[in-house]
Amino acid sequence: MKEKGTNKKIWIAAAVLAVVIAALFFVWRAAAPQGSAGGKQLTVQVVHGDGSSKDFQLNTEEEFLGPVLVAEGVVEDNQSAYGLYILTADGETADEANQEWWQITKNGESLNTGADSTPIADGEHYELTLTVGYDE
């Protein structure tokens with residue numbers, strides 16, 4: 001008799017856990033960055049290791065930054081398990097042996113998203129800066 005009560009408790013606990021996981025999934029989806037549909041024009045400035053820079057005026061229907069950068073040839077398409085990994089921008093390749101990497105900023109402010117998960121809107125300005133050191 002005790003075994004039936006234990007099984008019932010396990011099934012109830014499993015059902016509650018499933019509901020909690022589903023709720024967390026929907027909260028996560030609602031909080032994820034959302035892109036906006038429609039045409040957009042944005043500026044992407046590539047700041048090279050020697051301090052020189054080049055501005056790219058991009059027109060797109062895309063909702064996120066990564067696909068625009070690849071489609072317009074600003075960066076080379078280098079997909080990783082986590083999305084676009086920017087190794088080369090405007091023809092300059094970061095030297096990982098020297099801890100070089102391309103930092104993405106928006107109006108000079110650091111972003112907490114990768115290129116593929118950065119939503120874009122009309123008129124925005126982004127920077128890709130060759131950065132040295134992983135401490136940042």
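**A predicted model, strand by strand**

Colleague: In the hairpin of S1 and S2, which residue takes a positive phi?
Modeller: This is a predicted model. The hairpin of S1 and S2 has 5 residues between the strands. The residue there with a positive phi, near 95°, is Gly-51.

Colleague: Over how many bridges do S1 and S2 pair?
Modeller: S1 covers residues 40-47 and S2 covers residues 53-60. Their pairing is antiparallel. The count of bridges is 8.

Colleague: What is the bridge partner of Val-46 in S2?
Modeller: Gln-45 has Asp-55 as its bridge partner in S2. For Val-46, the partner in S2 is Lys-54.

Colleague: What pattern does the protein follow along the sequence?
Modeller: The protein has 2 helices and 9 strands. Read along the sequence, they give α-β-β-α-β-β-β-β-β-β-β.

Colleague: Is Thr-43 buried or exposed?
Modeller: Thr-43 sits in strand S1. Its relative accessible area is 15%. The cut-off for burial is under 20%. So Thr-43 counts as buried.

Colleague: With which side chain does the side chain of Thr-43 make a polar contact?
Modeller: Leaving out residues up to four places away in sequence, Thr-43 touches Asp-55, Phe-56, Gln-57, Glu-124, His-125 and Tyr-126. The polar contact, at 2.9 Å, is between the side chain of Thr-43 and that of Gln-57.

Colleague: Which side chain meets Lys-54 in a salt bridge?
Modeller: Side chains of opposite charge can pair when their charged atoms come close. For Lys-54 the N to O distance is 3.9 Å. A salt bridge needs the atoms within 4 Å, so the pair counts. The partner of Lys-54 is Asp-90.

Colleague: How many residues apart are Lys-54 and Asp-90?
Modeller: The salt bridge between Lys-54 and Asp-90 links distant parts of the chain. Lys-54 is in strand S2, and Asp-90 is in the loop between strand S5 (88-89) and strand S6 (92-93). Their separation in residues is 36.

Colleague: What is the relative accessibility of Asp-90?
Modeller: Lys-54 is partly exposed, with a relative accessible area of 40%. Asp-90 also counts as partly exposed. Its relative accessibility is 23%.

Colleague: Which parts does the pair of Lys-106 and Glu-124 tie together?
Modeller: The structure holds 2 salt bridges. One of them joins the side chains of Lys-106 and Glu-124 at 2.7 Å, N to O. The two parts are 18 residues apart in sequence, because Lys-106 and Glu-124 lie, respectively, in strand S7 (residues 100-106) and in the loop between S8 and S9.

Colleague: Does Glu-124 count as buried or exposed?
Modeller: Lys-106 is partly exposed, at 26% relative accessibility. Glu-124 has a relative accessibility of 14%. Under 20% means buried. So Glu-124 counts as buried.

Colleague: Which residues form a nonpolar patch on the surface?
Modeller: Together the patch residues have about 360 Å² of accessible area. One of them, Leu-24, is in helix H1 (residues 2-31). Leu-24 is exposed, with a relative accessible area of 56%. The patch is formed by Leu-24, Val-20, Val-16 and Ile-12.

Colleague: What share of the accessible surface of the protein belongs to carbon and sulfur atoms?
Modeller: Of the 136 residues, 26% count as buried. The accessible surface comes to about 8900 Å². The carbon and sulfur share is 55%.

Terms used. Residues numbered from 1 in each chain as written. Predicted model: local features only at pLDDT ≥ 70, side-chain atom pairs only at ≥ 80, totals over all residues. Heavy atoms only, no water. Patch = residues over 30% accessible without salt bridge, like charges linked within 9 Å, V, L, I, M, F, W, Y side chains within 5 Å. Areas by Shrake-Rupley, 256 points an atom, 1.4 Å probe, with all protein chains shown as cover. Helix = DSSP H or I, 4+ residues; strand = E, 2+ residues; numbered from the N terminus. Buried < 20%, exposed > 50% of the residue type's maximum accessible area, 1.4 Å probe, protein only. Pairing = 2+ DSSP bridges. Polar contact = N/O pair within 3.5 Å; in protein donor to acceptor, adjacent residues only side chain to side chain. Contact = heavy atoms within 4.5 Å.
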